[in-house]
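Dear colleague,

Here is the structure that I promised to hand over, and below it you will find my notes on what was found. Please read them with the model open beside you.

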Amino acid sequence: MGSCGTWAGRELLVLLSGMWLCAAQPSLPGPTRSPAPPLKFRLAGYPRKHNEGRVEVFYNDEWGTVCDDDFTLANAHVLCRHLGFVAATGWAHSAKYGKGVGRIWLDNLNCAGGEKNVGDCKHRGWGNSDCSHEEDAGVICKDERIPGFKDSNVIETEQSHVEEVRLRPVVSGARRQLPVSEGIVEVRYKDGWAQICDEGWDSRNSHVICGMMGFPAEKKVNRNFYKQLKRAARTKGRSPRPGSRYSRLANKSQPKQKRREDIGFKKRLFMERQQLNYRLHSVSCTGTEVHLSMCTFEFYRGNASVACAAGMPAVVSCVPGPLFATGNGHKKKQRQQQQGQPRLRLKGGAKVGEGRVEVLKSSEWGTICDDRWNLLSASVVCRELGFGSAKEALTGARMGQGTGPIHMNEVQCLGTEKSLWSCPFKNITQEDCKHTEDAAVRCNVPYMGYENLIRLSGGRSRFEGRVEVAVGAADGDQPRWGLVCGEGWGTLEAMVACRQLGLGFANHGLQETWYWDASNVTEMVLSGVKCAGHEMSLSHCQHHGTSLNCRNTGTRFAAGVICSETASDLLLHAPLVQETAYIEDRPLHMLYCAAEENCLSSSARLANWPYGHRRLLRFSSQIHNNGRADFRPKAGRHSWVWHECHRHYHSMDIFTHYDILTPNGTKVAEGHKASFCLEDTECEEDVAKRYECANFGEQGITVGCWDLYRHDIDCQWIDITDVKPGNYILQVVINPNFEVAESDFTNNAMKCNCKYDGHRIWVHSCHIGDALSEEASKRFEQYPGQLNNQIS
């Protein structure tokens, strides 16, 4: 045990039960045990929310950290209760919130979860640790306070850190426009905000601030305008009059088109009348930092009223990325697309600016191995994609596993590169890395306020409920809340609603919500909502606008959602289709069952049953779940259908579409809409099977497992009896109606080239729909056909 705080009086060391205890000798006769000084706790680090961070413990008059060795969720529960939260939802290792300083007080902490005090948990002893601060543990607490909790033992992080930063706009017209891309840089200080003195401020500092705010780059500021503004605020304590010299300067700092918009009083500037409160000075960043607190700077001590005499508040102006550019943003995006397809993309993330990193090389998309993956490299990715710096560099396929090649390993960016391809990296062999090590990012994105225009009501948890949207808020009026018409509302619309709410993916989009009738909002205000699934807000989707068109306007027919932080991601194993494809001429007397289940073309009805045959293109389908949640059928057991051919229940009526297309996309065979029983046929190592079709068992596909429909079972084919010889595309689409939510629908289609000569078929170049570059995909669609039977 470490030394204890002393009281007035002589210390007495008592050996009790083999442990040294520290006690004081009071003036009363007889030795009595003194209470140990209470432990204090705080959350620290960056970047973080108020309910998460690096755990710091105040023990023996010194702040220290906790090592992540053997750390568990039970430890996090005990620590979160110390901090005033009801429980923990997660924990973080490897100094996710930055490295602490000073002592590492606890190591090999082992709590059961129910302890009142972390000191009651098993550990190596206070201060006995073999860790470095690179192993500092963090916790994510449930955002719910313990009722009546007093913050007496929670010490806010001392003001030696800068954790919250904002840009405050000073042109009145800019106040209402989002995103805020220009303004005075302010840092959170106590209960308010303080400014930074701009003496020595340069573009590298601005680069860091813009990155934090979600912008890829900075631009020059008209500093003279802000100087005049400062002088005006000092001398008059009020805004300059319209038409004054200061107002003209403000006007000059805007682009011409903006100037025209800001005629009259919109030209007016405002400056809060409170006195400037400088907190930081001598800020010096290299430009590669992801947060201001990683730069060097100094605090003003004592009386700061005479601070920054020769300078003014630091002002930054940022360049928004294409997604967030106002006005001519669409034109900019089109211009970028004309310059050629990007060689970088994010996949599998719930929010804008997060996902698995994929790169394009030799016309094929692939992933990055997470060896040495860090915030510097992640920030280069984020800025290249038009976002700010990286909030997190994620390892271990945290955004789901990719497919295809792994193009890069040991990426080591300096942070100044304009493109990830300019960074040093290693080419890898398949033995080096697996897709379980796919790297991902979470980028800083500009605050757009979309989450303030939507809410859920009536649900059992914050992740579900009837959707309510705010209308009329853009005009500066008080927003009016209303409901969304449930007609046509499906998974894609629910995905956008959950993204806008910041609640992850959609589990379900519901067209009726009579069981969530708890709100006094009863008016429908939005109908005809049709989303592509990638939008940031429902207002970006197609809809009927102000002319409402909803057959059932009763509240029970209002749209609802159930959101989830994770989702499944299905994809077909393309090589197996290529390996197993063949033609069979199957006698009609063996196809009665298949005909009943509509697995044949309609011309089969006119055949001379039971004589003759049908020509079938057969192949195996192996469907993998590479996501982060099990794939479960939407329909409940009561609506599953018994299939005589397969001798089991099918939980999804249309699970796949099988089609033969011409190179220009026209269907030539009627194809087949296959229903499936979903089960775990095989799984990766260390993954247990959960789902089985036999005996009316539970159906689904577990993460890390696959469902195999062999080529030799009924209906695992396309009837090509009526197809003429020629060059075609075989297409298989999984979950075609978006019945079940997935993190990524763009990889649900698989395509192969086919050459059919009337007797034999060659199937080759099978690939997932979004696996190739746009150019390669176009070449694929215009496939001229095989000249011989040698497939290259």
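At 17% relative accessibility, Phe745 counts as buried, since buried means under 20% relative accessible area, exposed over 50% and partly exposed in between (1.4 Å probe, protein chains only). Phe738, at 31% relative accessibility, counts as partly exposed.

Please keep in mind that this is a predicted model, in which local features need pLDDT of at least 70 and side-chain atom pairs count only at pLDDT 80 or more, while totals for chains, interfaces and linings use all residues. Residues are numbered from 1 along each chain as its sequence is written, and side-chain values use heavy atoms, with hydrogens and water left out.

The structure holds 14 aromatic pairs, where rings of Phe, Tyr and Trp (its six-membered ring) pair if their centres lie within 6.5 Å, and planes under 30 degrees apart count as stacked, over 60 as edge-to-face and the rest as tilted. One of them is the stacked pair of Tyr59 and Trp126, with 4.1 Å centre to centre and 10° between the planes. Because Tyr59 lies in strand S4 and Trp126 in the loop between strand S7 (103-106) and strand S8 (138-141), this pair ties together parts that are 67 residues apart in sequence; strands are DSSP runs (E, at least two residues), numbered from the N terminus. Both Tyr59 and Trp126 are buried, and Phe738 and Phe745 form an edge-to-face pair, at 4.8 Å centre to centre and 75° between the planes.

With kind regards

Key:
Helix = DSSP H or I, 4+ residues; strand = E, 2+ residues; numbered from the N terminus.
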